[in-house]
Amino acid sequence: MAAGFSSYANALLKSFCLPLPDALVHSTIGLAGAFGTQITFAWRFDCLGFLSVVIVTFFLLRGIEETARINSLIVVLKVGLLLLFVVMGGFWVQKGNFLPFLPSSQGGLHYGVWGVLGAASLLFFAYTGFESVSSASAEAKNPVRDMPWSIVGCLLICTLLYIAVAIVLVGIVPYHKLDVSDPLALATALMQKPWLGFLIMTGATIGLFSGLFGYLYAQSRVLMKMSLDGLIPEFFSRISKKSRVPWGGILIIGFVVALITAIFPFEMTGDFICVGIAAEYIMICLNVMICRNTMPELKRPFKVPFFAFHVRGVWIGIVPLLGVVCCSVMIIPLLANMISAFAHGNPMPVVFAVLYVLLGGSLYHFYGRKYSKLGRALRVEKKDIYGNDA
């Protein structure tokens, strides 16, 4: 998202005849070759992406109320501009651009059935903002009532908006020309509406900026909850007396995201990130079913929707089960693409994935397992039931 902000912000600066040098808008590491399998290095640093994360981090440190007001204004602006694009762009749609509806595969995840699955998998990244609403439950007045409606409402509205923008975009620009970082700017250029292009670029730039608010806010709260339990160091849950935000987690996540944005291209980290997100969803769905079976007496203010069934006394919810199946299917093309990149000389996605697993596993094994308050309580309870040999 920060990389997308960088592209649109630079396009906006170009409209004022103030383009930045390539060395300041591209990541240090780049990809070349037919399918982006060759790694290149140059004296580059994505300053716009880096600064966008730094600015968002600064606002988050100021407090949730001030951040929420700014973000609400930005959301209204970007949704209005997207609707304007859909309405005006509808008159420029060419039906021929939708043919062939499913282009033939060109290898890897380029078109064809595998391309559709790969694109759907990458959209996991676009939809991660919805579950971030749940991370604000502790700051909601009535989370039991507000959280489900907020998540489902955002999901439905944004999905319809995604579909509408995608249809108009492909109808204006041939699909094979859309592999760019600023597709809406390209579409408005073909429409020969410079004023609309300026508004869209402005809205896209501001909109991506607001998206960073949601992502960094949610991640800082997740780290705070983990820290309060003891899974990660106490620094991540230190609360500012003035702004009442977890400043430690905000600073760490902001610094890490800003640095990754400036050095690594999304094409290199995208598959790895989306695999991690899909794996996260799988674990959440599995844990819903595990907790329902191992701790049936717990009070549950949030209900699992739709029906469930039992297999040999084991409770299985249809929604968690479908979540596990769908996420598992989405992971397959991403893993295949990572392995293909590794075989063609780009080991970085695989290296990132291995380091991610090793780092997370080591942190839990050597630190979290020892200091987790919930873990200690469960071990004491188990010892009381089964004796010292448990």
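**Ground rules.** I'm working from a predicted model, where local features need pLDDT of at least 70, side-chain atom pairs count only at pLDDT 80 or more, and totals for chains, interfaces and linings use all residues. Residues are numbered from 1 along each chain as its sequence is written, and side-chain values use heavy atoms, with hydrogens and water left out.

**Overview.** I looked up the secondary structure and got 13 helices and four strands. Helices (H or I, at least four residues) and strands (E, at least two) are DSSP runs numbered from the N terminus. Of the 390 residues in the protein, 34% are buried. Buried means under 20% relative accessible area, exposed means over 50%, and partly exposed is in between (1.4 Å probe, protein chains only). The protein exposes about 23000 Å², and carbon and sulfur atoms supply 72% of that; the areas are Shrake-Rupley values with a 1.4 Å probe, and for residues only the protein chains shown count as cover. I also checked contacts (heavy atoms within 4.5 Å). Among those between residues at least 6 apart in sequence, 68% join residues at least 24 apart.

**Cores.** Next I went for the nonpolar cores, meaning sets of buried Ala, Val, Leu, Ile, Met, Phe, Trp, Tyr and Cys joined through side-chain atoms within 4.5 Å. The largest has 21 residues, and Val53, Val56, Leu60, Phe209, Phe213, Leu216 and Leu223 have the most contacts inside it. Helices H1 (2-15), H2 (47-62), H8 (194-229) and H9 (247-263) each put in at least two residues. H8 gives the most to this core, with six residues. I clicked on Val56: leaving out residues up to four places away in sequence, Val56 touches Phe209, Leu212, Phe213 and Leu216. There's a second, separate core of 20 residues, with Leu12, Phe85, Ile172 and Met191 among its members.

I compared helix lengths with the expected span, which is 1.5 Å times one less than the number of residues. H9 has 17 residues and should span 24 Å at 1.5 Å a residue; its end C-alpha atoms are 24 Å apart, so that agrees. Its buried residues include Gly248, Gly249, Ile253 and Gly254, and the buried residues of H9 pack against H1, H2 and H8. H6 (residues 143-172) has 30 residues and reaches 42 Å from first C-alpha to last, close to the expected 44 Å. Among its buried residues are Met147, Leu161, Val165 and Ile172.

**Rings.** Rings of Phe, Tyr and Trp (its six-membered ring) pair if their centres lie within 6.5 Å; planes under 30 degrees apart are stacked, over 60 edge-to-face, and the rest tilted. That rule gives seven aromatic pairs. Phe235 and Phe236 pair edge-to-face, at 6.1 Å centre to centre with 80° between the planes. Phe235 is partly exposed at 27% relative accessibility, while Phe236 is buried at 15%. Tyr367 and Tyr371 have centres 4.7 Å apart and planes at 40°, so I logged that pair as tilted. These two tyrosines sit four residues apart in helix H12 (residues 348-371), about one helical turn. Tyr367 is partly exposed at 27%, and Tyr371 is partly exposed at 37%. Ring pairs also link Phe235, Phe236 and Trp247 into a cluster.
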